[in-house]
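Open the model in your viewer and keep the selection panel at hand. The tour goes one stop at a time.

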Amino acid sequence: MRQTMEALIFEGIVDVVKKERKWSFSGKTAEGVLIHYSCEADEKRSFGRVKIVKNSIRREERECSDLYLFLEEVIQNRLDGALTASFIHELLETLAKDRQSREFQPDRIPEQDRHYEALESHMTDGHPYHPSYKSRIGFSLADNYAYGPEFDQEVSLHWVAVDERLVDVSISGENSFDDIYKQHLTDEDTRKFNRIVQEKGSGDKKYVFVPVHPWQAERLLPSVFVQQLADKDIVPLGASNSPYRAQQSIRTLARRDNAEAAYIKLALSITNTSTSRILAHHTTQNAPLISDWLNKIVRNDPLLAKERFEILREMMGISFRYDALPSIPYRSAYGTLGAIYRENVSTYLEEREQAWPLNALLLTQKNGESFIQEAIDRHGIEKWSDALIRTVTLPIIHLLYAHGIALESHAQNIILVVEEDFPTRIIIKDLHDGVRYTPDKLLHPEWAPKLNPEPETHRKFNRYSFIQTESVSEVRDYTFDAFFFICMSDICWTLEKFGLSEADFWRKCTDTIVSYQNEHPEYKERFEMFDLFSEDSLIEEMTKRRIYGDGELYFRKANNPLLLAKDVLV
């Protein structure tokens, strides 16, 4: 309820009357009678985002604990968006699945789980801004228990054999198809699958093995690909022998018994945090191209080398060729059968290093203790926050300023590497559609990959999903939105609990940027081109999209805390 109201107020969907910290808004009964609601809230220095005090939402001056009544009066009876009903459905699904996961959450993360793979299963809070942060539309509660990362169940990876004429494969230059597959299929798996193909396949076809999420294999493939199954273009193979663990993204699986095996990101036809988790054909084919390109930049950049910055390369993408289908099955099948293989973080860690999902910093454990309490007790808030802010900010702004590349660098896509709980460097992941640039503004445009274009159907389906743009402000805003507005604001509020004020946090961020600019005058024109101190930066209004649809693009200006901090410095 609180997270929903914060978004509704910030995006101007619901009007409020402010009297110091007491904010008032109205609901409406089914009979049309206005109902008075109020809450205790603050407009934060961080982009003017709204933070409501826990348990402070009141209806007619009494504590409001009835979410259903709240949704009816504040959203259903007051908002006229085309998708209001589906938005409410997402919120109710989030309530059910969040409650289920919190019942399973331990009081404190066990010491043996304070490593990256296990920590991914302990990140229970979901998206910190998005109201429907755990909707997982399509999953029942039984599915959620079986496949939700918070429950740490052993997940079996299913496979199908697909006629090679109906599959496209893209591989990173340093990898081979067979080597990648050996990380996931044992000799016994391969013998079993080949035997099934001989018995149930077609003798005149050559097949490629494609991994499938078990939910997808059971719920979707038998109906969507009924013709291909009948024609033996697709042959179900069942599960391989190795156990897997679901990561935060739900559809990315990590092999439990091989610490160096690539992660597998799968097509999964559920909706979570407003997005259908399919894998479009062009993204699977672009993934290795983008990874090879970014890896070349990282390997040839002295600053990134000094900072020991790394990316988890997406080594291979595989997808069904949907353009081989007639229009009607194309629509239902698009994005439902494919995978991206991503490097394992363990291959980049040295002996004394540990890796944390960056959003672990935001986690308050069930016993009320912050995940980072011990780290800050050990090093002190000033020293620790200085290291953290510089460590995460410097590579992001260098890629933007020097190379003209923005990354979708929210906290789930950033891995923080620590030594003795102290921040030392970062690793970035999830790159296949999390990059944005203007081709002629790249530092090395000759290095840029020739990408597979988005089909027109995809552009209509998701107007916010694109990699190349002619507008440099859209590149800047991509960094501004994902990294500063979402990622850094939430870290800022976490560190407030340890005595670091918002003003001091953003001053440290601004110090990092200004120091970088002073040390690299050669990029002066690019500092102006990708101006992080601008007043006109745009923030995506994600909640408006959920209520009013994608008929138009929803963005808003917000107070820039970097600019406020710089003005104080000057």
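The stops below go from the domains to their interface, then to one strand.

This is a predicted model, in which local features need pLDDT of at least 70, side-chain atom pairs count only at pLDDT 80 or more, and totals for chains, interfaces and linings use all residues. Residues are numbered from 1 along each chain as its sequence is written, and side-chain values use heavy atoms, without hydrogens and water.

**Domains.** Colour domain 1 (1-79), domain 2 (141-342) and domain 3 (352-567). These bounds come from an automatic or database domain assignment. The centres of domain 2 and domain 3, taken over C-alpha atoms, lie 28 Å apart.

**Interface.** Select the contacts (heavy atoms within 4.5 Å). Here 35 residues of domain 2 touch 42 residues of domain 3.

**Salt bridges.** Five link domain 2 and domain 3. The rule: a side-chain nitrogen of Lys or Arg within 4 Å of a carboxyl oxygen of Asp or Glu. Now pick D430 and K265, whose side chains form a salt bridge at 2.6 Å, N to O.

**Helix α11.** Which element gives the most to the side of domain 2 that touches domain 3? Select α11, with twelve residues there. Helices (H or I, at least four residues) and strands (E, at least two) are DSSP runs, numbered from the N terminus.

**Strand β7.** Move to residues 155-163. Seven of the nine are buried, meaning under 20% relative accessible area with a 1.4 Å probe, protein chains only. Strands pair if DSSP finds at least two bridges between them. β7 runs antiparallel to β10 (residues 234-246), with seven bridges. Find V155 opposite Y244 in β10. Six bridges join β7 to β9 (residues 207-212), also antiparallel. There, H158 has V212 as its bridge partner.

Note on methods. Buried < 20%, exposed > 50% of the residue type's maximum accessible area, 1.4 Å probe, protein only.
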